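I opened my notebook to write down what I looked up, entry by entry. The structure comes first, and my notes follow.

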Amino acid sequence: MDDEMRSITVKNILAFGNVSISGRGVKDTIAPRLDWRSPSEIVVDGEPDIFSALQWRYRLASSLYERDAELNALIQWAESSQNSISVRLLTGGGGTGKTRLAAETISQLREKGWAAGFVPRNATSSQTIETELRKFFLVFDYPEERIETVRALFQAIQDIPDSQVEFPIRILLVSRRPFIDWEDLLSDLGTRAGRQEIANLSALSADQSSKLFSEVCERFSSIIGSKQKEISHPNWKALSDAQRTPLLVMAAAINSVLSDDKHTVLDPSKLMLALANREKKRVSKVSIANGLGKEGLSRLLAMSVISSEGLTALQCEELAKLQIAEVKGQQLLDCINATPWSDQRSGRMAPVLPKLEPDRLASTFFGAVMLDRPVHRILDWLRLIAVTDSESFSSIVSKVSFDLLSVNRKWRSSFEEAVTDIVVETPNLALLFLDFAFEKGTIFSARFAVAVIDVILVIDELDNETRAVLLNNRANKKSDIGDFAAALSDAEKACEILEINATSHSKSERKNLIMMKINLARRLNENGKEDQAFDLLVSEVDKLRSYFEEAAEDDKEDLAQSIKNLSIALQEGGYPDEASAAASEAVSLFQLIWQANQTEASTQNLASALNTLSNCLSLMAGCEDEALRASIEALELLKKMPNYKSDAHEDLLAIVHSVLARRLMGLGRYAEAVHSIQEALNIYVLFHAAFPRVYASSYAEALQTKAGILQMLGRHEDALGSSLEAIKIYEELGEASSFRDIRGLGEAVASAASNYSELGRDDEALGVGRRSLEIIDNLNSRAFGRFDFDYAHALNIFAVSLGRAGKPVEAIGYLERANAILVKLENMRPGVRLGDLANVQNNLGNRYRDVGDFTLARKALEQSIIYYRDLTEMNPDAHGPFLATGLANLATLHLSAGDYLQAITFAEEAVNTLTPYFIRNPIGLADWMNSTGELYVHCCAEIGREPDFDLLAPSIEAFEKLRESDM
């Protein structure tokens with residue numbers, strides 16, 4: 001084949017838009033880049049440039065840490081199947097080292113004779129990428145910010161047969177976004193695109209974090225000419241994954257070298273803020289020195305963070321017209337060119353101020369400059385960037401918003417409001433973001449998406465199907481931001497539009513209508529219309545099953561997702577058997593999908609289904625261990641995803657941790673439960689602050705779970721604090737409360753009453769206890785008895801408070817009512833409420849004893865012990881301590897009746913039963929162990945017998961250790 005034909009063949013293979021690849025000699029060619037810089041360049045005018053120090057290209061860390069397997073995978077992929085086109089995705093959370101890994105891959109392939117490099121950020125639609133017509137490895141960094149370019153490239157290559165490819169062509173996308181966000185686009189390439197990420201980058205191990213920290217401290221000190229000082233090395237094993245990403249380990253090292261404090265800052269938000277403020281001061285000095293004013297250069301660099309590639313000369317000049325700096329025109333450009341940040345390339349469209357990197361520090365710098373004291377022209381500046389960089393703007397908005405959330409919530413809120421106002425105040429700009437209206441997006445860009453869809457829906461020429469899709473999408477996004485009533489209205493309108501011509505629908509249109517009605521059911525549920533939502537969901541899932549049977553579609557993700565939603569509705573509707581069956585079916589379907597294609601999407605879906613199954617199984621007698629296994633498996637699946645702590649996954653991670661905490665608490669594993677619920681709360685506190693209506697219920701539930709765990713650990717003040725915080729959140733919902741929220745409020749109020757009682761605050765306990773009864777009684781009446789158990793639980797707690805307040809007769813009345821409800825529920829579903837029934841019988845025995853009715857007291861206590869023995873045999877950790885308490889109460893009854901031999905028998909068994917649990921949980925069971933031991937000694941004294949000190953020795957030793965730890 002002659003050179004001309006050879007060039008045409010290659011050009012056609014990689015033509016995207018008007019950008020193509022070719023050999024040398026073609027006009028205006030640019031080579032793929034690998035922009036290594038010397039670490040010594042980190043020092044600029046005598047001061048360290050922290051942005052540069054943390055960038056991959058300066059190689060402050062001399063080598064990759066813990067990325068050998070991923071590097072080998074990339075090299076092997078590049079060298080496999082010689083003459084073909086192949087596209088793969090490299091993902092990972094921010095700061096995990098994705099770009100550095102891609103750069104090292106490029107470097108090794110170049111040594112092997114490949115033409116390899118990054119697609120230049122300043123590549124324009126008229127330029128040609130040079131390959132020298134040899135093995136070719138092309139990397140798109142942040143492809144989500146050039147989505148149209150990537151889409152056009154894929155369209156150009158998808159139909160080119162490998163027979164026309166004369167050398168290997170490999171295209172690597174390096175993205176923060178998970179595979180699910182790329183799946184549709186990559187699927188168009190068929191076998192040319194991998195069915196999952198080629199590599200998933202996550203946190204470093206504790207050992208590698210320590211080595212990286214030491215190396216960066218040493219090298220950075222040497223580069224800036226600072227005498228290396230004594231720096232405290234963190235206990236990396238005790239830190240979270242989020243604190244062990246390469247970026248944050250390096251940032252911690254750099255900050256430690258620069259800081260006067262010997263203690264290493266490890267909190268990610270404080271660390272980023274400290275470094276950003278340091279850079280802000282440095283930039284301000286340079287800005288003043290070069291005639292840009294105190295804020296000019298800082299503002300321009302901040303705006304580069306929102307741009308796709310950096311600020312061009314034209315953008316800088318236009319921003320100056322909008323008063324971003326004190327000078328304009330050529331004078332502005334001359335001032336910029338005099339600064340160390342200037343990229344003095346020819347052409348007004350080439351960046352003169354490159355985009356600040358790395359992302360997280362850049363976002364924090366943007367917040368410190370633009371949002372700490374909001375600048376009055378920020379909306380105008382953002383609008384200019386949105387217009388000139390519309391392809392990447394929505395993706396950047398989501399990324400920066402997520403980064404700001406963990407640094408400063410007010411900054412994130414101000415930023416969200418500003419970018420939304422761009423479209424609200426200038427509606428004609430909405431069409432620039434048309435594709436974004438149809439994308440799933442994240443909660444961090446939902447308000448912006450709603451604003452875009454609002455404008456598009458005004459267009460009269462929209463066909464009905466497009467209008468319905470947009471309304472359905474807007475419903476989802478309004479739900480994301482907590483506008484549930486408007487979301488329901490949109491979902492109803494979407495279904496109404498599609499139903500107009502329902503009889504003439506094709507099979508695919510039928511499916512779309514079914515899926516929209518299932519979505520409508522979710523919106524109904526959010527608005528407190530649980531019964532209506534349940535009926536609709538059951539009906540539409542049946543239709544969806546029929547559709548799949550007729551259509552014989554292989555991809556059953558929609559069916560699996562719908563069955564999972566049905567299982568949740570069944571569970572909340574009081575149908576635990578049916579809920580568990582549906583959840584199991586959903587898990588089976590998702591497992592098949594996951595086994596066929598282990599992407600982030602399939603992993604996330606399977607984890608979510610397992611989490612739902614765990615909840616359903618927890619309502620089934622004898623399924624506690626199985627429920628725990630499902631919850632643990634869900635968490636392990638999520639943790640396999642490299643960016644599982646990203647904007648796309650953190651809410652699910654919080655849900656899974658919260659459910660796992662409840663499973664562990666139910667099994668008596670309180671220390672583990674505390675850790676898990678705190679992981680959930682660490683996420684919810686941020687998300688609730690940013691999206692209060694969306695996360696109110698989940699956050700309050702997690703707080704209440706924590707209260708329950710702390711109560712079992714004997715930390716009643718802390719437990720009360722958690723319950724009161726949960727009550728406040730529930731009360732803020734007001735009339736927007738669903739059945740779930742009202743039930744949660746009742747549970748939190750009852751928990752507060754219980755802890756008030758434990759703390760001896762009887763009047764408060766009784767007042768709050770009465771309120772919990774009113775809340776649950778009213779709810780149960782509205783729901784036709786669906787919350788019988790919750791009412792029985794509230795009755796039991798109130799009765800305990802009455803007993804402690806010296807009102808045993810009243811307490812007995814409430815306990816008998818609770819007992820009657822629980823007996824009915826136990827007869828309906830044997831074993832499910834046995835623990836609660838045992839607890840009520842135990843309390844009844846104590847109250848009958850208080851009024852002197854020893855016969856009824858003994859009958860109730862003996863029955864409770866029968867229940868507790870059965871429960872302890874099935875699950876010792878969860879029920880063993882309660883068995884010991886029941887035995888102690890029975891011993892006390894016999895002691896009061898003068899039956900000392902029986903008393904000492906039960907007291908001895910109580911000590912023997914409780915001791916091993918006390919040793920494992922000394923703080924939580926200290927009061928129980930102390931009172932049980934004293935009871936045994938008292939019984940021995942009554943009959944003149946010496947206590948068995950061998951029996952008491954293990955608990956005495958545990959008490960001594962507990963006292964030593966408190967000293």
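In these notes, helices (H or I, at least four residues) and strands (E, at least two) are DSSP runs, numbered from the N terminus. I am working with a predicted model, in which local features need pLDDT of at least 70 and side-chain atom pairs count only at pLDDT 80 or more, while totals for chains, interfaces and linings use all residues. Residues are numbered from 1 along each chain as its sequence is written, and side-chain values use heavy atoms, with hydrogens and water left out.

Entry on Gln-323. I found this residue in the loop between helix H11 (313-321) and helix H12 (329-337), and I noted that Gln-323 has a positive phi of about 70 degrees although it is not a glycine. Its relative accessible area is 45%, so I wrote it down as partly exposed (buried is under 20%, exposed over 50%, partly exposed in between, with a 1.4 Å probe and protein chains only).

Entry on Glu-66. Here, too, I looked up a residue other than glycine with a positive phi, near 60 degrees, and I placed Glu-66 in the loop between helix H2 (50-53) and helix H3 (68-79). Glu-66 counts as partly exposed because its relative accessibility is 33%.

Entry on Pro-358. I saw that a cis peptide bond joins Glu-357 and Pro-358, with omega at about 0 degrees, and that Pro-358 lies in the loop between strand E12 (351-354) and H13.
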